[in-house]
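Morning, everyone. Please look at the fold on the screen while I talk through the core and the sheet.

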Amino acid sequence: MLSDTEMHVAQALRQAKRVTVLSGAGISAESGLPTFRDPLTGYWSKFRPEDLATPIAFRRNPELVWRWYCERRAAARAAKPNPGHLAITKLQSIVPAVTIVTQNVDGLHQSASSTNVIELHGSIHATRCFDRDHVMELNPEEDSPDRHPACPLCGSLARPGVVWFGEMLPEEALARSISAANECDVMLVVGTSGIVQPAASLGSRALSHGAVVAVVNPDPRSVMTGGVFLEGPAGSMLPRLIDAAWPDSK
Ligand code: BV8
């Protein structure tokens, strides 16, 4: 049985011409990838992501940061999209314009055959050199914590092609994300704690022009003033919403 809130969002989706999805680490949680709010485990339990995902941390200890990303890249490669990712791909097959703005670097939206994905924080599957941003090829077979490649062009160390804390977001990605927030009828804010800026401001941007903004999250603390809160994991809530909006699409 759907709640009134779920019905409200399903109706809004059904009437929408443009939908923007803002996703965070939580949408990949059911694919087995830890979120940034989850405490790091094992060897990494003494660190916080914010202390590893920075240029300063890399300068201070490149091997440590490189090792962390090697392990995360391997986990991302092994992960599979979950029903939350797949529901968004299904939404794209029904609604004319669906833009996915993701804070995630794991590539799982693309693995779910979603298109029009804007990677606000880059991709863990991309590699470039630290000093000059030369694009580098990283062969998965050679991707090892014990092997930290140097740039063939300038000799500087490889780094992941992600946006670290304290680094500017890719200009074009940010501009497209702002447009997607400004132009949508409905925004689904899925699996994000709303802490990291400037991504976190996109939800209020959508609210400010009258879009319906629905937050999908099992944690009631992620509720957004003015938004509609749908409490539950993305892997079950998103398929419920799509089935409710288009019952004949089941
Ligand atoms: C910038 C790539 C301009 C790396 C990431 C001091 C100096 C410099 C900047 C700042 C500063 N103070 C503040 C800032 C701004 C800073 C910032 O926001 N800091 C935070 C910590 C306050 N931002 C930046 O630095 C950005 N750049 O501002 O440039 C500038 C430049 C210089 C100086 C000043 C300004 C760059 C930010 C990008 C950082 N890179 N990722 C990597 O991945 O290794 S961000 C990182 O956090 C991930 O991308 C992650 O996605 C993202 C945000 O987290 P969430 O996605 O929200 O994930 P989180 O774990 O927090 O939450 C998960 C949620 O899922 C939870 O709510 C949970 O309840 C929910 N959940 C769990 N299970 C499920 C679920 N939901 C649904 N279903 C489930 N099953």
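First, a term: a nonpolar core is a set of buried Ala, Val, Leu, Ile, Met, Phe, Trp, Tyr and Cys residues joined through side-chain atoms within 4.5 Å. Buried means under 20% relative accessible area, with a 1.4 Å probe and protein chains only; exposed is over 50%, and partly exposed lies in between. This is a predicted model: local features need pLDDT of at least 70, side-chain atom pairs count only at pLDDT 80 or more, and totals for chains, interfaces and linings use all residues. Residues are numbered from 1 along each chain as its sequence is written, and side-chain values use heavy atoms, without hydrogens and water.

Now the core. The largest one has 30 residues. Leu 13, Val 19, Leu 91, Leu 188 and Leu 238 touch the most other members. Helix H9 (234-245) is one of the elements that supply at least two residues. H9 gives the largest share, 7 residues. Helices here are DSSP runs of H or I, at least four residues; strands are runs of E, at least two; both are numbered from the N terminus.

A second, separate core has 19 residues, including Phe 58 and Val 162.

Next, the sheet. What is the strand order? The open sheet runs S3-S2-S1-S7-S8-S9, 6 strands with parallel pairing. Strands pair if DSSP finds at least two bridges between them. S3 (117-119) and S9 are at the edges with a single partner strand each, so one side of each has no neighbour in the sheet. S8 and S9 run parallel, joined by 4 bridges. Ala 214 has Val 228 in S9 as its bridge partner.
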